[in-house]
Amino acid sequence: MATTNLTRERNSKKLSKDYESIKRDLIEHLRIFFPDTISDFNESSVGMMLVELMAFTSDNFHFYLDKQFNETFTESAIQPKNVLRHARQLGFDTTLMGKSAAQGQTDCFLSVPATGSNEKIQPDMRYAGKVLRGSKLLGNGIIYEILEDCDFSTVDFNDPLFSTVAETDSATKQPTSFALKKQEIDIKAGQTKTTSFTVGGYQPFLTLTISDEDVLEIIDVKDSEGNIWYKVDFLAQDTVFDSLVNTATDSTNVPYVLHLRSVPFRFITEYNTETKKTSMIFGTGDASKFDGELIPNLGDLSLPLLGKENFTDFTIDPQNFLKTRTLGVSPTNTTLTVRYRAGGGLNTNIGSGQISTTSEILFEVSDSSLSAAIVNNVKSSFSVLNSRPVQGGRDELTTDEVRHLIPSVFASQSRVVTAEDYIARTLSLPTRFGSIFRAGVKSGDINKSSVELTIVSRNNSGNVTTASTTLKDNLRRYLSRFRMLTDSIEILDGDVINLGIDFSILCRPDFNKTEVLGNCMLALKDFFDITKWQMGQPIIRAQILRLLYDVSGVITVFDLDIKNLVGTVDGSSYSTIMFNVSNNTKNDIIYCPTSAIFEIKYPLKNIRGSAR
């Protein structure tokens, strides 16, 4: 009897998963526990038929069980739908799974008529109008759109880099037109389209799908009542960043003021990997009713407690809360007009100089009394040329690519914690709210939980300067959405330390001294290009010496003097920051304070050299 119990226990622990093992275990089980019932296990017997049927069924059951179990993990999931569910659960933006469009910058040119007398002929800036955003360009058959207004009226026509003679009169040799130039205008592949949806009665979580494939972004959504609907990351997000025109004195460098806008009219987007179409999902609030009619009365919820000294748990209908505007309003009895940009793909990447054709130009001038014929000629003269490649386009993400991107999304955060987080978030402030050139972060000297954020900006000439009050206010509002609750942020102005360099070289006799000296100055100008410098970055004299020695024709460098320029020197104005170069030099390294940045403000004047 004891042996039988051990046998039963041993066999009950068997867990085979493949067909042959299951079949073998079933036969063994029948021989032990049902020896008198089934004893014939010949291949043609009824008993073997039943055993094989059960083994086949179990084998399939285990196969689908294992497959379903694997689909519960991101690393082992195979079905695209399941990978997509994992991605959404961990915060992956599914709209990023579609195509991406290449974007970059291009230089724009416009020819305007000349005006003035023989003594002073200049461009007629009345015709220097504005090429509006949405104007279309062509490159290799791909449509690119201008993302910002290109205003030629702001061009300094006295600067030969941005204004030059385009045509002259053959008889008088006087200029008849001038070419104006605007640099680095943002462009992006794709084209803007418009569609409309007619919405009837109230429907929670209303979903509207755009018929076009490969929607890159939804530009704006408006209803027939004039309400603007805003795209948010999730329906519980009830505020977005918005911009107001800046009317202060610093409006040239900071065109807009950033502020938070409450958005009851909002939606989220979702990308379908199978149809390649984008859907808009709205909230649960009924726009035709007030929230007061939908939010339950707390007194009503306490009714089960009336007249009772003790009570048990009671239920609350969650639908009473879902019908509020907490998740936004759902449109009712209206028509939604949606503007969106579609296109993208790997083929939208293009090399430099390949976008030179215009397709559709939206042009306007401020003076309506100007000659329409001349305005049309000026409009027709608009041309572009991209000096750098336009990149960033790609095709749809594959399932494997999404699987590998999910961990990075899960590890990312919408909060700024480390110093690198603060710098990255600060520099990501959209340029229409002001341009922050460099930033530095450190803990407060007294309060360690406070953060001292030091920033500098750049003016229209490209020189480093202190940030304006509006720019700092915009940055403060921007960071308020991302900072930790216990962090206090103090935004400080960074110091700009202007420097000048004097050097002397000895040239080889078989080289032209003037040419060698010019090459040395060009090398130093490139080395001190402000776009290559960070706050607190030191100057290593050995690097400068090596740079000069590498110039062909230089035998030796016998003098290298770096000095601080303060106030007004030789008619040029510099920052008021005084910096003792010798006191801050150790081991031939000139150390810069962490809250400052070195700058050669006027390279042609501040870099001086002599050759022997």
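What is the volume of the largest cavity? It comes to about 30 Å³. This is a predicted model, so treat what follows as a walk through computed features.

Lining the largest cavity are Phe528, Ile530, Trp533, Phe598, Glu599 and Ile600. By residue class, that lining splits into 5 nonpolar, no polar and 1 charged.

**The second largest pocket**

Now for a space that is open. The second largest pocket holds about 460 Å³. Its lining has 16 residues, and Ser461, Asn463, Lys525, Lys601 and Pro603 are the closest to the centre. Two elements each give two or more residues to this lining: H12 and helix H14 (603-606). The classes here are 6 nonpolar, 4 polar and 6 charged.

Here are the two spaces side by side.

| Space | Volume | Lining by class |
|---|---|---|
| Largest cavity | about 30 Å³ | 5 nonpolar, no polar, 1 charged |
| Second largest pocket | about 460 Å³ | 6 nonpolar, 4 polar, 6 charged |

**Helix H13 and its buried side**

Which residues of helix H13 (residues 541-549) are buried? They are Arg541, Ile544 and Leu548. Because the three span an arc of only 65 degrees around the axis, they sit on the same side of H13. As for what covers these buried residues, the list includes strand S27 (495-507), helix H12 (513-527), strand S28 (539-540) and strand S29 (554-564).

A quick reminder before the last pair: most residues other than glycine have a negative phi. Where does Glu184 lie? It belongs to strand S8, which covers residues 175-189. Its relative accessibility is 44%, so Glu184 counts as partly exposed.

Asp570 is the other case, with a positive phi near 55 degrees in a residue that is not glycine either. Asp570 is in a loop, the one between strand S30 (568-569) and strand S31 (572-573). Is Asp570 buried or exposed? At 68% relative accessibility it counts as exposed, because the cut-off for that label is over 50%.

Key. Residues numbered from 1 in each chain as written. Predicted model: local features only at pLDDT ≥ 70, side-chain atom pairs only at ≥ 80, totals over all residues. Heavy atoms only, no water. Helix = DSSP H or I, 4+ residues; strand = E, 2+ residues; numbered from the N terminus. Buried < 20%, exposed > 50% of the residue type's maximum accessible area, 1.4 Å probe, protein only. 1 Å grid on protein atoms, 1.4 Å probe; cavity = no way out; pocket = protein on both sides within 12 Å on 5 of 7 lines; lining within 4 Å. Points joined across faces, edges and corners; volume = space filled by probe spheres on them. Nonpolar A, V, L, I, M, F, W, Y, C, P; charged D, E, K, R; others polar. Arc of directions from axis to C-beta. Contact = heavy atoms within 4.5 Å.
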